[in-house]
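Here are some quick notes to go with the model. Have it open while you read, and start with the sheet.

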Amino acid sequence: MILSMNDVVKRYRALTALDHLTLNLQKGENLGLLGPNGAGKTTAIRVLTGLTGADAGEIRLFGKELRGSTATAIRKRIGLVPQDLALYETLSARENLEYFGKLYGVYGAELNKRVDLALEILGLSDVAKKSPKKFSGGMKRRLNIGCAVIHKPELLILDEPTVGIDPQSRNHILDFVSEINKQGTTVLYTSHYMEEVERVCSRVCIMDAGRVIADGSVEEIAKSAIFEETITLEVKEPSPSLEENLRKIQGVVRCSVENRAVTITSTAGSGNLARIIEIASPYVILGVSAQRATLEDAFLALTGKKLRDGGEAS
């Protein structure tokens, strides 16, 4: 077990940011942490890295409690990519990487090797001698990640690493996260972008109001949380009586007709496809499709909110 947070509580006066949060992370996992604004994701990261203290509960990293003299040694095994960029704009890209490497005790030929590799993988070799103040937002984000992994951490924590960047930089970052995880680094990845988590994470936790409300693979969460299933028929010349008869099927909650498209929504598990086809059989059916439950559907069903409601801040 790389990370274990049990019944962790963090309050800011009247606000409970973490409400008996329990979160576990096994070695080698790539965990996506999702949640609407104010869910407590960033607070959880600050607490588990020791940047702020918890009011109650237990936190263990690499099997040890994050406290006292052990805290510094534990932090050396972690790489943190915060929401706010942590770069020195008076230094070049290479000098930034060298500086952070030396902070973690990496020197000489080994440091040069790691810096060259990071610049190459992150697509920054051509601008290694330039200051990040001349970089685009995406290039800065990529350099920020390089600084966080230059010491080869066992656990990499990324807090919204792709906010406000271009598609090319986003792909660089996502590919890098996938590759470093394949090489054995355990990853905790928070994002406001559902498609990112679906692309790079093997497991997902959804947070709301300071606690985890769903935990599993993308498929498991989508299947367990979806409350409705939708079937669409494309019918040649549908009649009002068809819509009326479909509405009478047990479990159907909505039925609508628009041109040739007949859309029937039922409660989850109704298994109405065969009955729908039977009722529509007197008509010419041109096509049938069933809507697949998505992580976005599950998130909305569980939290009652869209992931990016209210902007990017968490």
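1. Both faces of strand 3 are covered: Asn30, Gly32 and Leu34 are buried on one side, Leu31 and Leu33 on the other. Buried here means under 20% relative accessible area, with over 50% being exposed and partly exposed in between (1.4 Å probe, protein chains only). Strands are DSSP runs of E, at least two residues, and helices are runs of H or I, at least four, numbered from the N terminus.

2. A word on the basis: this is a predicted model, where local features need pLDDT of at least 70 and side-chain atom pairs count only at pLDDT 80 or more, while totals for chains, interfaces and linings use all residues. Residues are numbered from 1 along each chain as its sequence is written, and side-chain values use heavy atoms, leaving out hydrogens and water.

3. Why call strand 3 largely enclosed by the rest of the structure? Because 5 of the 5 residues in 30-34 are buried.

4. Now for the surface. Glu195, Glu198, Glu219, Glu220 and Glu296 form a negative patch (over 30% relative accessible area, no salt bridge, like charges joined within 9 Å; a salt bridge is a Lys or Arg side-chain nitrogen within 4 Å of an Asp or Glu carboxyl oxygen). Helix 7 (194-200) and helix 8 (218-225) each supply at least two of the patch residues.

5. Glu198 sits in helix 7. Its relative accessibility is 38%, so Glu198 counts as partly exposed.

Conventions. Patches are made of residues with over 30% relative accessible area and no salt bridge: like charges are joined within 9 Å, nonpolar side chains (Val, Leu, Ile, Met, Phe, Trp, Tyr) within 5 Å. Accessible areas come from the Shrake-Rupley method with a 1.4 Å probe; for residues, only the protein chains shown count as cover. Lys and Arg count as positive and Asp and Glu as negative; His and the chain ends are not counted. The place of a charge is taken as NZ of Lys, CZ of Arg, CG of Asp or CD of Glu.
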